[in-house]
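I opened my notebook to record what I looked up in this structure. The entries follow in the order I made them.

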Amino acid sequence: MASWLNFINPFTIDDDPGTYLGDFYTDNFEKGAQKGNVILNLGPQHPSTHGVLRVLVELYGEYVLRSEPVLGYLHRMQEKMGEVKTPYQYLPNMGRVDYLNPIAWNWAYAGAVELLAGIEVPERAEYLRIISAELNRISSHLLWWGAFVLDLGGVTPILYAFEEREKINDILQIVTGSRLTMNYFRFGGVGQDGDERFFALIGEFIPYMRERLKMYKDLVTDNVILRRRLEGIGPMDRDLCLRYGATGPILRAAGVDYDTRKAIPYGLYHKFEYRVPIGPPNDNFGRYIMRLEEIEASLTILSQAIESIPQGKHIIDKAPKPAYKLPPGEVFFAVEGARGQVICHILSDGGKTPYRIKLRAPGFSNLSLFAEAAKGTILADAIAILGSLDLVIPEVDR
Amino acid sequence: MTSIDNWSATCRDFGALYVTRPDFSKQGIHLSAYLPPEALLDMAQKLKDEGFTLLTITTAEFTEGFVVSYLFDSFTESSRLALRVLLKDKEKAKVPSLYSIYQGAEWHERESYDFFGLIFEDNPNLVPLLLPHDLAGPPPLRKAAGALSSLKAINFQGKLEYADPDFPLAPEPQEPAELATISEAATETGPSSGNNEGGA
């Protein structure tokens, strides 16, 4: 590369390692860089990295030779907090691990505690859990859809997505009391029963959303510019998913029929009939279409749930109180979140607080394959691949 | 012979120190096996060949040492296996990295390096992942000596299939008849004992 470029760009790799201006991670990354290539920091504040993710890339012209995500900007010690709070006190944290899909995390933790302590959940509560989880999945996919198309340069769709998302937030607000960091589940049930208005609004929302999905297809999915940005870009096959532990829509787009709701049924999901969409295609477009089809599947579950929800209690009578202690033991509990398999692993020695809590965030494993998937693509496609992974950084960093 | 039986036998072949068969409906895993660290890579390679994926790595500290649990799952059949290694020497704890087989292990291992200071040999980029690179003090999830529990306090339930006599969880040697029912008593009292009355 021309020497004048070295002069104006201090990040261009030079022979003299003493001249770099990078921080710890840039310096660490630069060690493997070739002379003349450009090291670029994407983020941590750039909107296309969704939150505060930083990605270091080594560029040859416009091609990504190598990349490395740098995490930790949103690390909040969630696992440590789990060790110093009683199970009941820790429950609200779950809404904050993944703010777009709080119900799945509610379920992962409440489910793990119930499994370990042998707490039964009333049938009506199981239905309310499924209803809230599926509504939440739809709202999470909607926000992903809008933000992803925004990454690709389409500004309008996110405004549509937010209109639908607002409706879901209005519905979930009735039972959870909040619009973002929902804390709805309790050990042995849910926080509140749904009233007539709650079920009526869901009944209105299902046909409305089905109509909107048709509009999404006409407006966005069949758009030739979008197709060119997605089709054939960023293929991720079964082997790649397996080596990195990717789950959720990424894995299903790779043609693997694996959905936690079907593979390891929890709650009352076995009572419902729905189709889990499976790829191929396994490219960006495959992952895009997977999520839109999952919205349809969730609507199917919702319509069955509001028709067949039984009467009864929404929580058991002797629900654990704030000072509730876990019995000693170990448990793994997995649920299907919007981004993949959420696992809560609890080790308890019978003390006041759990001995160790491990939160398995699907986004963490999904992001770890980015470096390999983005290798050799142009930078703009790498951004599209990053978007197709549906990242929520608070969940990745925990 | 189910596939879990097969995996149990395979773990024994690789020199497993302690193998139990937990109740899946109560614990969410089908098999738990403590392996010697040197057998970990061969076992992981075998799992990879059979189409298993590595979902997560959990590290925990006990009085006996660190326990690193690797959770594997198969996409084709429901078999969730927890392979573990017990690292007795806390100051020089080293585990072989699974990076060469499961590239996704790199980040999980770096996370354990962050929070427990564990060294994963042959991890290609063992630098802090979630914590600042210049964080002072001991690794944050290490426990003070007074707060440590022993492995036995956790009450890992499940049917015991094999126990090396020297392994910390191994039952007392004089009563071999009780081998198979090690945690049965605890199973009965454990879940229902619930301290429900509580009160804030």
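Before the strands, I wrote down a term: two strands pair if DSSP finds at least two bridges between them. The model I am reading is predicted.

Entry one, strand S5 of chain B. I checked how S4 (residues 65-74) and S5 of chain B run, and they pair in the antiparallel sense over 8 bridges. Within this pairing I noted that Val68(B) has Val85(B) as its bridge partner in S5(B). I followed the chain from S4(B) to S5(B) and found a hairpin of 5 residues joining them. I then looked at S2 (residues 31-34) of chain B, which pairs with S5(B) in the parallel sense over 4 bridges. Here Tyr34(B) has Arg84(B) as its bridge partner.

Is S5(B) buried or exposed? I counted 8 of its 8 residues, 80-87, as buried. Both faces are covered: one side has Arg80(B), Ala82(B), Arg84(B) and Leu86(B), and the other has Leu81(B), Leu83(B), Val85(B) and Leu87(B).

Entry two, confidence in chain A. I read an average pLDDT of 87, with 94% of the residues at 70 or above. Residues 1-10 of chain A fall below 50, and I found 9 contacts for this stretch beyond near neighbours in sequence.

Entry three, the domains of chain A. I noted domain 1 as 1-73 + 362-398 and domain 2 as 78-360. Their C-alpha centres lie 30 Å apart. I found 23 residues of domain 1 of chain A in contact with 33 residues of domain 2 of chain A. On the domain 1 side, H17(A) gives the largest share, 6 residues. I sorted the residues of that side into 9 nonpolar, 9 polar and 5 charged.

Definitions and conventions. Residues are numbered from 1 along each chain as its sequence is written. Chains are lettered from A and ligands numbered from 1 in the order in which they are written. This is a predicted model: local features need pLDDT of at least 70, side-chain atom pairs count only at pLDDT 80 or more; totals for chains, interfaces and linings use all residues. pLDDT is the predictor's confidence in each residue, from 0 to 100. Two residues are in contact if their C-beta atoms, placed from the backbone, lie within 7 Å. A residue is buried if 20 or more other C-beta atoms lie within 10 Å of its own, exposed if 12 or fewer, and partly exposed in between; C-beta atoms are placed from the backbone. Helices (H or I, at least four residues) and strands (E, at least two) are DSSP runs, numbered from the N terminus. Domain bounds come from an automatic or database domain assignment. Ala, Val, Leu, Ile, Met, Phe, Trp, Tyr, Cys and Pro count as nonpolar, Asp, Glu, Lys and Arg as charged, and the others, Gly among them, as polar.
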